[in-house]
Amino acid sequence: MTTLIKNGTIVTATDMYNADILIRGGMIAEIGKDIAKITEEMIDATDRYVFPGAIDAHTHLGLADQTIPTADDFESGTIAAALGGTTTVIDYAHQAADVSLQDTLAAWMRKAEGKAVIDYALHLSMYDWTDAALDEIGSLINAGVTSFKCSLVNARDANDGMLYRTMRRINEQGGLMCVHAENGQVIGALTRYLLNNRRGEPRFYPLSRPPEIEGEATGRVITFAEMLKAPVYFVCLSSAHALERVKSARDRGSPVYAETCPHYLVLSQECYEDGNGQGAKYVCSPPLRPKWHQEVLWRGLTSNDLQVVASDHAPYNFKNQKDIGQEDFTKIPEGLPTIEHRLPVLYNSGVLKNRISLNRLVDLLATAPAKIFGLFPKKGTIAVGSDADLVVFDPTAEGVLSCELQSSKADYNLYEGQKIRGAVTSVFSRGVPVVKAGKLVGRTGAGEFLKRRTFVAQ
Ligand SMILES: [Zn+2]
């Protein structure tokens with residue numbers, strides 16, 4: 001199939017210019033002025049931006065069949081992603097206790113196959129840091145799964161010795177360690193203290209996970225990474241405290257990378273104070289922070305101390321899931337519906353408020369995650385030979401974010417009623433239309449598994 005996107009304003013991480021894009025065989029075949037070829041399809045992109053398809057490097061679409069199921073699976077989750085301008089997701093395959101990494105990977109492949117509307121890749125989230133698990137890393141890398149998440153909160157028997165050893169083994173085999181950095185032991189102590197003192201309501205939740213222990217854990221991980229000269233990538237960084245540790249490591253030249261999420265940039269701890277019992281809707285880990293952290297994170301995005309904005313989409317319903325924890329926040333499943341609104345939130349709160357440029361928007365949402373996670377230049381940019389994963393964006397459109405209008409099956413919207421400018425009008429995945437005139441036209445199961453290359457320092 002051949003398609004011509006005429007007269008759009010092409011935006012990459014480095015350039016912005018007016019040109020036509022010729023798509024042939026799923027790839028970008030030609031970029032130039034006034035391409036005069038007859039194609040099967042033609043899109044007029046006059047006065048519209050053409051972005052590379054966004055890459056969401058942190059999703060949880062495979063948790064829909066768990067004891068506490070997420071609202072979205074690989075089908076509804078990737079549909080929501082596509083409608084929001086995302087053409088690749090990197091989902092976390094979660095290892096359960098006593099399950100091998102290979103079996104975890106196989107289970108996640110089955111969950112995604114025949115369901116994903118857009119392309120997908122996988123990280124492996126390691127629950128067991130045992131020799132048996134660490135011995136499997138090489139085979140996972142050969143299968144195209146090249147990044148391994150270690151949570152300092154949830155992993156079994158996570159202690160500093162295990163962390164150091166796990167990091168060394170991942171690095172020796174060419175894997176990239178992704179870390180959820182909060183001090184799990186202190187969270188345990190604080191949580192017990194709060195519950196023992198009848199402070200179990202959602203408004204007390206952030207007191208169980210203060211930013212100081214995110215900063216502490218981030219610094220500790222960086223210490224080990226620098227000893228090992230190993231690259232490390234922090235997921236869902238939420239606080240100034242953690243960013244300060246990342247920034248000083250990067251200033252020393254260490255290969256330390258970090259992502260934040262849209263909710264940490266625009267929502268604050270005040271959400272938990274909601275007097276109408278809605279605070280549980282915002283329970284995620286790490287928690288939302290006091291408002292002043294937001295400007296520090298925005299500065300981190302402009303200074304490149306933060307390289308990626310990912311969604312950490314883990315959508316739980318408010319009714320019968322989040323609201324059961326009104327008296328005990330430990331009963332609230334942690335996670336938010338975020339996959340659909342990453343581009344609109346970053347465009348409105350970042351670009352239109354002059355905090356980041358359009359080029360930086362593309363870098364944070366597409367180019368940097370493609371480079372860090374071994375997908376570039378097949379994904380993450382607009383160049384001849386790259387996959388034709390493209391988003392046509394109308395900057396003049398006006399809309400509103402609401403549960404009623406969203407595609408995610410979660411029963412609430414974090415940004416309910418918020419007016420926004422700009423809209424995704426068309427999305428292509430390897431040259432095939434997935435979204436047309438803002439409506440889904442993509443096919444369930446059309447998404448392909450992407451084998452990723454190993455990490456190369458950026
Ligand atoms: Zn997550």
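Are His60 and Asp312 buried or exposed? Both are buried, and the views below of this predicted model start from the whole chain and come back to that pair.

**Figure 1. The whole chain, with its twelve helices and 17 strands.** Along its principal axes, the C-alpha trace spans about 70 × 50 × 40 Å. A compact globule of 458 residues would have a radius of gyration near 23 Å, and the chain comes in at 21 Å, which agrees. Buried residues account for 60% of the 458. Take the contacts with a separation of 6 or more, and 75% of them come from residues 24 or more positions apart.

**Figure 2. The zinc ion and its donors, His58, His60 and Asp312.** The two histidines each use NE2 and the aspartate uses OD, at 2.0 to 2.2 Å. Read along the chain, the donors follow the spacing H-x1-H-x251-D. That ties together distant parts of the chain: His60 sits in the loop between β6 (54-59) and α1, while Asp312 sits in the loop between β13 (308-309) and α11 (342-351), 252 residues apart. As promised, here is the pair again: His60 and Asp312 are both buried.

Figure 3. Leu101, Thr104, Leu105, Trp108, Lys111 and Ala112 are the buried ones to look for in α2. Seen down the axis of α2, the buried residues fall within an arc of 120°, so they line one face of the helix. An α-helix has 3.6 residues a turn, so residues three or four places apart point the same way. After α2 comes Gly114, with a positive phi near 75°.

**Figure 4. The largest nonpolar core, 127 residues in all.** Phe51, Met126, Tyr233, Phe234, Leu346 and Leu361 touch the most other members. Helix α12 (residues 358-372) supplies the largest share of this core, eight residues. Apart from this core lies another, of 14 residues, among them Val50, Ile382, Ala388 and Val392.

**Figure 5. A closer look around Met126.** Leaving aside neighbours within four places in sequence, Met126 is in contact with Gln95, Leu101, Ala133, Leu134, Ile137, Phe148, Lys149, Ala155 and Ile170.

Key:
Residues are numbered from 1 along each chain as its sequence is written. This is a predicted model: local features need pLDDT of at least 70, side-chain atom pairs count only at pLDDT 80 or more; totals for chains, interfaces and linings use all residues. Side-chain values use heavy atoms; hydrogens and water are left out. Buried means under 20% relative accessible area, exposed over 50%, partly exposed in between (1.4 Å probe, protein chains only). Helices (H or I, at least four residues) and strands (E, at least two) are DSSP runs, numbered from the N terminus. The arc is that of the directions from the helix axis to the C-beta atoms. Donors are N, O and S atoms within 2.8 Å of the metal (3.2 Å for Na, K and Ca); water is not among the atoms, so sites may look incomplete. A nonpolar core is a set of buried Ala, Val, Leu, Ile, Met, Phe, Trp, Tyr and Cys residues joined through side-chain atoms within 4.5 Å. Contact means heavy atoms within 4.5 Å. The radius of gyration is taken over C-alpha atoms; the globule rule is 2.2 Å times the number of residues to the power 0.38.
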